[in-house]
Amino acid sequence: MANTNDTSHSRTSQNSNGKDDDVADDRPTPMEVLREARSQLAELTGMTAESVSSFEQTEDGWSLEVEVLELARVPDTMSLMASYLVELDPQGQLTGYRRVRRYERGRADAHRSGGR
């Protein structure tokens, strides 16, 4: 008779912290990818990454669009912002970035559909 507690055929096992480990789950979580992307971009550019406006997993890893404060002005609505396309490998390490647009914080974006 088989032991019902036997997990040898299971795809998960418990690690030393008591959490389940998926056999193929050495990838970072989406939140870890977002945090690392913002941190790495800020370190490379010296600019504050304020938000992530798009995020998707790709065949090669991850692709994000990060909104960055390029130049602070008074009033804040006149500050110069930029969107950067950031590419990361499957482990969440930055492999490339490029600025895709610049805009004043207080201006609506006429280039995007749907009022976004």
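Predicted model: local features only at pLDDT ≥ 70, side-chain atom pairs only at ≥ 80, totals over all residues.
This report describes the fold, the sheet, the core and a few selected residues of the structure shown above.

Residues are numbered from 1 along each chain as its sequence is written, and side-chain values use heavy atoms, with hydrogens and water left out.

## Overall fold

The protein contains one helix and six strands, where helices (H or I, at least four residues) and strands (E, at least two) are DSSP runs numbered from the N terminus. Along the sequence these elements follow the pattern β-β-α-β-β-β-β. Of the 116 residues, 27% count as buried, a word that here means under 20% relative accessible area, whereas exposed means over 50% and partly exposed lies in between, with a 1.4 Å probe and protein chains only. The accessible surface comes to about 8,400 Å², and 47% of it belongs to carbon and sulfur atoms; such areas come from the Shrake-Rupley method with a 1.4 Å probe, and for residues only the protein chains shown count as cover. Among contacts (heavy atoms within 4.5 Å) with a separation of 6 or more, 37% are between residues 24 or more positions apart.

## The sheet and the helix

Four strands form an open sheet in the order β3-β4-β5-β6, with antiparallel pairing; two strands are said to pair if DSSP finds at least two bridges between them. The edge strands, each pairing on one side only, are β3 (48–58) and β6 (94–104). Neighbouring strands of this sheet are turned by 20 degrees against each other on average, direction ignored. Helix α1 packs on the sheet, where it touches β3, β4, β5 and β6, and its direction makes about 130 degrees with that of β3. For such angles, axes are lines fitted to C-alpha atoms, for helices over the stretch in contact, and the angles run from 0 to 180 degrees between N-to-C directions.

| Strand pair | Bridges | Example of bridge partners |
|---|---|---|
| β3 and β4 | nine bridges | serine 51 and glutamate 67 |
| β4 and β5 | nine bridges | valine 66 and tyrosine 84 |
| β5 and β6 | nine bridges | valine 86 and tyrosine 97 |

Strand β5 is largely enclosed by the rest of the structure, because seven of its nine residues are buried. The hairpin of β5 and β6 has five residues between the strands, and in this hairpin glycine 92 takes a positive phi near 90 degrees. The loop between β4 and β5 contains proline 75, and the peptide bond that leads from valine 74 to proline 75 is cis, with omega near 0 degrees.

## The nonpolar core

In soluble globular proteins, nonpolar side chains tend to be buried together. A nonpolar core is defined as a set of buried Ala, Val, Leu, Ile, Met, Phe, Trp, Tyr and Cys residues joined through side-chain atoms within 4.5 Å. The largest such core in this model has 15 residues, of which Leu41, Leu64, Val66, Val68, Tyr84, Val86 and Leu88 touch the most other members. Two or more residues of this core come from each of α1 (30–45), β4 (61–71) and β5 (80–88). If residues up to four places away in sequence are not counted, tyrosine 84 touches Leu41, Met47, Leu64, Glu65, Val66, Val68, Glu70, Tyr97, Arg98, Arg99 and Val100.

## Glutamate 67 and other residues

Glutamate 67 is placed in strand β4 and counts as buried, because its relative accessibility is 6%. Its side chain is joined to that of tyrosine 103 by a polar contact of 2.5 Å, a polar contact being a pair of N or O atoms within 3.5 Å; within protein, one must be able to donate a hydrogen and the other to accept it, and residues adjacent in sequence count only if both atoms are side-chain atoms. Leaving aside neighbours within four places in sequence, the residues in contact with glutamate 67 include Ser51, Ala82, Ser83, Arg101 and Tyr103.

Arginine 101 lies in strand β6 and counts as partly exposed, because its relative accessibility is 21%. Serine 83 stands opposite arginine 101, and the C-alpha atoms of arginine 101 and alanine 82, which are 19 residues apart along the chain, are separated by 5.6 Å.
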